[in-house]
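Have a look at the structure first, then read on.

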Amino acid sequence: MKLIEKRVVLHFPGFEPLDGVAHRARYERSARQSAAVWSYSIETGPVDAGSDPVSFEATTAERVAAPEAWTGSPGWQTKSRIHMVDHDILVRKLRAGNTLSQIIAGFRSCAEIMLDGGMRGYFRHAWRFGLFFLFPFLLTALAIALTAQIAILPYAVGFSPWHMLWSGPLALCFFIFAFLPFSERFHTLHLFADWEMAVALGRMDRADFNDWLEDRATAVRKALDEEADEYVISSHSMGSNVAAHVIGILLEREPELFKGKRVVFATLGSAILQCALLSSATLLRARVGLIARCPEISWLDVQCLTDSINFYKVPVVAVSSHVDAPQAKMILIRVKQMLTREHYRKIRKDQLRVHRQYVLGPDLQAPFDFTLLTSGPMPASVFADPDEKRMPG
């Protein structure tokens with residue numbers, strides 16, 4: 001198998017309040033962990049000046065004892081140009097309002113998803129994802145009901161309505177100073193914003209989101225002009241919807257865009273169906289079909305049993321109304337295989353932390369490694385086969 005010497009990577013991160021520079025810093029930390037586990041060397045370069053999206057170079061190489069002058073080349077070396085196509089600007093926009101406006105927007109998104117058939121689809125295909133959808137809204141609804149009960153308690157037990165002059169402020173204090181800090185343990189308002197983005201990317205009815213996608217498509221198109229042995233388009237969680245739209249836009253414009261290129265589309269803990277299951281998401285489903293039918297693209301859909309925030313063992317292409325198209329290759333991983341027992345025990349109850357492990361560094365050699373997928377010497381397609389080597393012999 002020919003090793004990769006030059007690679008171009010387009011990575012679409014998940015819904016997190018991190019810009020491209022912060023994602024690069026995370027990548028560097030994770031890469032150091034991977035290199036220590038697999039015994040290779042990696043150098044993560046600085047951000048390219050003026051790059052948009054943020055780009056940098058990662059160089060991996062065989063780790064060898066200082067070679068003598070006559071031994072020739074010390075071994076393999078792979079250079080990967082990585083472009084972080086983050087959507088932090090959208091995250092900040094969705095989180096910019098005050099608490100009340102964020103709660104109202106969140107419940108509006110919840111209602112829109114229910115009316116659009118999204119919740120029905122979640123429970124039909126992945127009941128754990130359905131519970132993930134309901135949890136922040138049920139938690140907040142319960143808190144609002146309890147707040148109302150505190151406010152009307154004096155009247156309910158027969159006291160004068162004037163007593164509500166103290167019970168009302170007490171109820172408000174409970175909601176602001178007790179519930180809101182408690183709810184942040186579960187990232188409740190962050191999840192409200194995530195569902196608002198899901199509606200926007202499903203319905204495609206917000207001009208600001210649509211214009212931003214068009215702008216990202218133009219930037220990504222420039223990145224694809226660089227010559228490389230392999231092109232990896234990786235995406236995590238909500239970033240998979242952004243990637244599907246952006247790559248779909250490019251294929252709509254240029255159906256032969258990837259002709260002659262080796263392209264791997266790797267969706268990690270994908271949330272494409274979070275949006276595609278909305279009945280109004282016709283454009284997103286069409287773009288999923290374009291990607292699936294592109295002969296140069298190999299689609300790897302990395303899923304995890306212990307990650308409740310993904311559609312485990314669900315064929316994303318078929319469920320997106322393309323039963324007759326080539327299906328994404330499912331890669332089933334286990335987080336506990338990537339981490340030490342102690343480390344896994346610490347994070348296993350934090351579902352958002354488990355969900356992030358796809359793009360974080362490992363403690364152990366495992367069937368999946370994000371750094372090797374995007375910067376390793378082997379073609380990214382080796383991850384499609386559990387028996388393939390992850391590193392050169």
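Let's start with isoleucine 152, which sits in helix H5. Helices (H or I, at least four residues) and strands (E, at least two) are DSSP runs, numbered from the N terminus. A heads-up on what you're looking at: this is a predicted model, where local features need pLDDT of at least 70 and side-chain atom pairs count only at pLDDT 80 or more, while totals for chains, interfaces and linings use all residues. Residues are numbered from 1 along each chain as its sequence is written, and side-chain values use heavy atoms, with hydrogens and water left out.

**Around helix H5**

Isoleucine 152 is partly exposed, at 37% relative accessible area; buried means under 20%, exposed over 50% and partly exposed in between (1.4 Å probe, protein chains only). Glycine 168 is 16 residues away from isoleucine 152 in sequence, with 7.5 Å from C-alpha to C-alpha. H5 itself (residues 127–156) has a kink of about 35° at isoleucine 150, shortly before proline 154. That bend is the angle between axes fitted to the seven residues ending at a residue and the seven starting there. After H5 comes glycine 158, with a positive phi near 95°.

Now to strand E6 (residues 263–268), where 6 of 6 residues are buried. Val263, Phe265 and Thr267 cover one side, and Val264, Ala266 and Leu268 the other.

| Partner of E6 | Sense | Bridges | Facing residues |
|---|---|---|---|
| E7 (residues 297–304) | parallel | 6 bridges | leucine 300 and alanine 266 |

To get from E5 to E6, the chain goes through helix H9 (residues 239–253) in a right-handed β-α-β crossover. Right-handed here says that, with the strands pointing away from the viewer, the path from the first strand over the helix to the second runs clockwise.

**The cores**

Which residues touch the most other members of the largest nonpolar core? Phe258 and Trp299 do, in a core of 80 residues. Helix H7 (residues 188–203) gives the most to this core, with 10 residues. A second, separate core has 40 residues, including Ala266, Val302, Val335 and Leu372. Such a core is a set of buried Ala, Val, Leu, Ile, Met, Phe, Trp, Tyr and Cys residues joined through side-chain atoms within 4.5 Å.

Beyond its neighbours within four places in sequence, tryptophan 299 is in contact (heavy atoms within 4.5 Å) with residues including Phe265, Thr267, Val288 and Lys329.

Definitions and conventions. Two strands pair if DSSP finds at least two bridges between them.
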